[in-house]
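Visitor: Could you walk me through this model, one feature at a time?

Guide: Gladly; here it is.

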Amino acid sequence: MAVCFGYSKEGVLNEMILITFAKSQRNCFVIILLLSAFVFTFMVIELLRFNLLGAQAFDLGIFQQGVWLLANGYSPFVTIRGWHLFADHFSPILFIFIPFYRIWAHPFWFFLAQTIALALGTIPVYRLAFRNTGNERYALLLSLAYLLHPAACTMLFFDFHPVLLSIPFVLWAIDALDEGRPIPFAIASFFALLCREDVSVSVFCLSLYALLVHRKVWGGATAIVSVLWFLLATKAMAFLSGEERTAYLSLYSRWGNTPLQIVLGILTHPLDALKSLFLCEGHFTQPGLPFHWSAITVLPAGLAGMALKDVTEG
């Protein structure tokens, strides 16, 4: 039996396994510590902001009233908005708050859910980084960068939006795609779609990427489901609002009046679409342009969401 510096090959192998396991345990501890500190810090800030009357009726009051009505068995017609709760945005994920609102009807639950959701995105980011770099330090550094990125953490200071809850699901879907696991990808995509109707655009682009680049047939199936979900959601929104079509389609009226017309309008006028993206039109007139472009860091899902905003009228 070969011996090297007093150790057998079996002994060296066992020691390497123990060292790897110890490092893994240490990294898990560091990630848990980061997540705990993040959730605690931002929960304190969000609650302090709320208690100092920094919250607004648009949009926290909309969800507060809507979920309270659902929790008490009433139709969620939100007087603040003048619409049914799901005519504004189709977010079935809000039903998870009903049991909590029966215990205590306070936006604390919204703040807690969105903070934990954003924090949990660290785990797939770490997995992706470690899998593709093979370096634990780089993976931890990228996880920390994700948590502290202004484009992400500042969303917690703008009251509450269900779309924020989709972030960990989209990231888990990307992680599942990177590993080639169809079932986790489908589950993560499903929960992402429940967060808001326009998340289907990101899921569609990610699924298309899986189909065309990774040659995964199940990516095509998820792409079809995301399109059908978007059509169903927008139809439901229009029905609940009592309108022929959802009011949000009017933001894209320069391209067409229906989803199909809008898509065809953009495809047949590529120069105008690029102008909207790059020449300070639409949402690019808002402050924070560098952070807006940070959506590209989660291509292709992030780029799809960014483009969706930038081809609107305002």
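**Reading the core, a helix, a pocket and the backbone**

Guide: Of the 62 residues in the largest nonpolar core, those that touch the most other members are F38, L85, L94, F97, F110, L118 and F160. The helix that gives the most to this core is α9, with seven residues. A second, separate core has five residues, including L249, Y252, I262 and A273. Please keep in mind that this is a predicted model, where local features need pLDDT of at least 70, side-chain atom pairs count only at pLDDT 80 or more, and totals for chains, interfaces and linings use all residues. Residues are numbered from 1 along each chain as its sequence is written, and side-chain values use heavy atoms, with hydrogens and water left out.

Visitor: What makes a set of residues a nonpolar core?

Guide: A nonpolar core is a set of buried Ala, Val, Leu, Ile, Met, Phe, Trp, Tyr and Cys residues joined through side-chain atoms within 4.5 Å. Buried means under 20% relative accessible area, exposed over 50%, and partly exposed in between (1.4 Å probe, protein chains only).

Visitor: Which residues does L85 touch?

Guide: Contact means heavy atoms within 4.5 Å. Leaving out residues up to four places away in sequence, L85 touches I62, F63, G66, V67, L70, P76, V78 and L94.

Visitor: How do I read a helix such as α12?

Guide: Helices (H or I, at least four residues) and strands (E, at least two) are DSSP runs, numbered from the N terminus. The expected span of a helix is 1.5 Å times one less than its number of residues. Helix α12 (residues 217–241) has 25 residues and so should span 36 Å; its end C-alpha atoms are 37 Å apart, which agrees.

Visitor: Which elements do the buried residues of α12 pack against?

Guide: They pack against β4 (83–84), α3 (85–88), α10 (182–193) and α11 (199–212). Among the buried residues of α12 are W229, A233, A236 and M237. An α-helix has 3.6 residues a turn, so residues three or four places apart point the same way.

Visitor: How should I read the second largest pocket?

Guide: On a 1 Å grid over the protein atoms alone, a pocket is an open set of points where a 1.4 Å probe fits, with protein on both sides within 12 Å along at least five of seven lines; lining residues have an atom within 4 Å of a point. Its volume is the space filled by probe spheres set on the points, which are joined across faces, edges and corners. Here the second largest pocket has a volume of about 290 Å³. Of its 15 lining residues, I96, A113, I116, A117 and L165 are the closest to its centre. The largest share of the lining, six residues, comes from α5.

Visitor: What classes of residue line the second largest pocket?

Guide: The lining has 15 nonpolar, no polar and no charged residues. Ala, Val, Leu, Ile, Met, Phe, Trp, Tyr, Cys and Pro count as nonpolar, Asp, Glu, Lys and Arg as charged, and the others, Gly among them, as polar.

Visitor: Which backbone spots deserve a look?

Guide: Most residues other than glycine have a negative phi, and most peptide bonds are trans. L53, in the loop between α1 (9–51) and α2, has a positive phi of about 65 degrees although it is not a glycine. L53 is exposed, with a relative accessible area of 75%. R215 has a positive phi of about 60 degrees and is exposed, at 66%. A cis peptide bond joins F58 and D59, with omega about 20 degrees, and D59 belongs to helix α2 (residues 57–71).
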